[in-house]
Amino acid sequence: MKIHVLGSAAGGGFPQWNCNCPQCAAVRGGSPHHLPRTQSSIAVSANAQDWLLVNASPDVLQQIKSFPGLQPARALRDTGIGAVMLMDAQIDHSTGLLMLRENRQPLQIWCHLLVREDLSTGNPLFKVLDHYCKVDWQALSLEPQGFAIERVPGLRFAALPLISNAPPYSPHRDKPQDGDNIGLSVSDAASGKTLFYAPGLGRMEPHVWQAMQASDCVLVDGTLWTDDEMIALGASKKTSRSMGHMPQSGPDGMIEWLDKLPAGVRKILIHINNTNPILDASSPQRQTLTQHGIEVAFDGMEITL
Ligand code: MLT
Ligand code: MN
Ligand code: ZN
């Protein structure tokens with residue numbers, strides 16, 4: 001299985017358009033320690049031809065341009081994207097759908113019913129797309145036996161409900177419901193290897209932990225380093241956990257959990273907020289990650305499992 005990281009930043013990207021925090025200023029200024037990043041999205045494929053786009057970020061056009069695998073050019077109008085899957089209904093994971101409106105057939109979108117509802121009411125992207133290519137909605141099952149996607153052959157998928165947060169335009173904001181946010185296990189039939197992907201992960205529930213332990217690679221929530229990071233910077237009044245993102249440092253933080261995974265599981269952080277000091281490759285926090293064997297995803301990163 002090939003995993004191509006199209007975007008590794010959290011909502012807002014890096015630099016964020018209106019942010020002059022030291023890190024956004026550094027990346028804008030061309031610092032050798034700070035890589036620019038687009039908003040989180042990955043593409044997965046077993047045959048490197050038929051790709052599942054997991055989340056459609058506002059940066060999707062730039063991301064498609066940056067990855068020739070998604071434009072095989074077999075016909076006048078063509079794409080390597082066989083289907084799209086949405087982990088949640090947040091802006092940073094869904095608004096790129098509008099940019100795909102020229103698709104020659106209804107866009108096949110796999111997402112949970114609750115996500116479809118939010119994207120048909122509070123932020124009615126699906127309704128808008130009905131005026132263009134239309135949506136071929138596929139109900140995302142949370143059943144443990146998982147499912148296959150015909151347009152992305154060779155892979156098996158299992159979505160599991162997890163606690164993160166629904167967007168502000170959802171009736172479920174701050175009231176998590178099963179299906180608002182998912183974690184995704186992707187297994188390759190040929191190699192037998194499994195990826196666990198969860199760009200939003202607010203709490204380590206037993207079933208999530210089990211799925212992570214059963215994986216060969218976990219690509220998980222790297223939004224904020226400390227719980228009060230945004231408050232301390234004066235950027236927000238919300239804690240990391242209240243936004244549905246487990247911080248990396250501190251008790252019950254992501255590092256503590258990743259340390260407990262079986263040896264051999266590859267550990268990578270994604271969906272990294274522009275305030276997070278791990279975006280500075282020369283920071284002590286990045287050094288700490290390296291000491292714990294934890295990698296930081298970057299735009300264009302290729303993972304083969
Ligand atoms: C999140 O991950 O909490 C959201 O995507 C934040 C946002 O709206 O950018
Ligand atoms: Mn997000
Ligand atoms: Zn910033």
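What follows is a set of questions and answers about a predicted model.

Me: Before we start, what ground rules apply to the numbering and the values here?
Reply: Residues count from 1 along each chain as its sequence is written, while chains are lettered from A and ligands numbered from 1 in the order in which they are written. Since we're on a predicted model, local features need pLDDT of at least 70, side-chain atom pairs count only at pLDDT 80 or more, and totals for chains, interfaces and linings use all residues, with side-chain values using heavy atoms and leaving out hydrogens and water.

Me: Which protein residues are donors of the zinc ion (ligand 3)?
Reply: Donors are N, O and S atoms within 2.8 Å of the metal (3.2 Å for Na, K and Ca), and water is not among the atoms, so sites may look incomplete. Here the protein donors lie 2.3 to 2.8 Å from the zinc ion. They are C19 (SG), C21 (SG), C24 (SG) and N274 (OD1).

Me: What geometry does the site of the zinc ion (ligand 3) have?
Reply: Four donors count as tetrahedral if all angles lie between 85 and 135 degrees. The ideal value for four tetrahedral donors is 109.5 degrees. With angles of 100 to 120° among its four donor atoms, this site is tetrahedral.

Me: How are the donor residues of the zinc ion (ligand 3) spaced in sequence?
Reply: The spacing reads C-x1-C-x2-C-x249-N. C19 sits in the loop between β1 (2–7) and α1 (22–28), and N274 in the loop between β12 (266–270) and α9 (284–291); helices (H or I, at least four residues) and strands (E, at least two) are DSSP runs, numbered from the N terminus. That pair links distant parts of the chain, 255 residues apart.

Me: Is N274 buried or exposed?
Reply: Buried means under 20% relative accessible area, exposed over 50%, and partly exposed in between (1.4 Å probe, protein chains only). C19 has 15% and is buried. N274 has a relative accessible area of 3%, so N274 is buried.

Me: How many salt bridges does a search of the whole structure find?
Reply: The criterion is a side-chain nitrogen of Lys or Arg within 4 Å of a carboxyl oxygen of Asp or Glu. Among them are D78 with R74, where the closest N and O atoms are 2.9 Å apart, and D252 with R241, at 3.7 Å. The whole-structure search gives four.

Me: Which residue does E295 meet in a salt bridge?
Reply: E295 is in strand β13 (residues 294–296), and its partner is in strand β12, 29 residues apart. The N to O distance is 2.7 Å, and the partner is R266.

Me: What is the bridge partner of A43 in β3?
Reply: Strands β2 (residues 41–45) and β3 (residues 51–54) run antiparallel and are joined by three bridges. In β3, the partner of A43 is L53.

Me: With which side chain does the side chain of H245 make a polar contact?
Reply: H245 lies in the loop between α7 and α8 and counts as buried at 11% relative accessibility. A polar contact is a pair of N or O atoms within 3.5 Å; within protein, one must be able to donate a hydrogen and the other to accept it, and residues adjacent in sequence count only if both atoms are side-chain atoms. The contact is at 3.1 Å, with the side chain of T223.

How values were computed. Four donors count as tetrahedral if all angles lie between 85 and 135 degrees; four count as square planar and six as octahedral if opposite donors are over 155 degrees apart and all others between 65 and 115; anything else is irregular. Two strands pair if DSSP finds at least two bridges between them.
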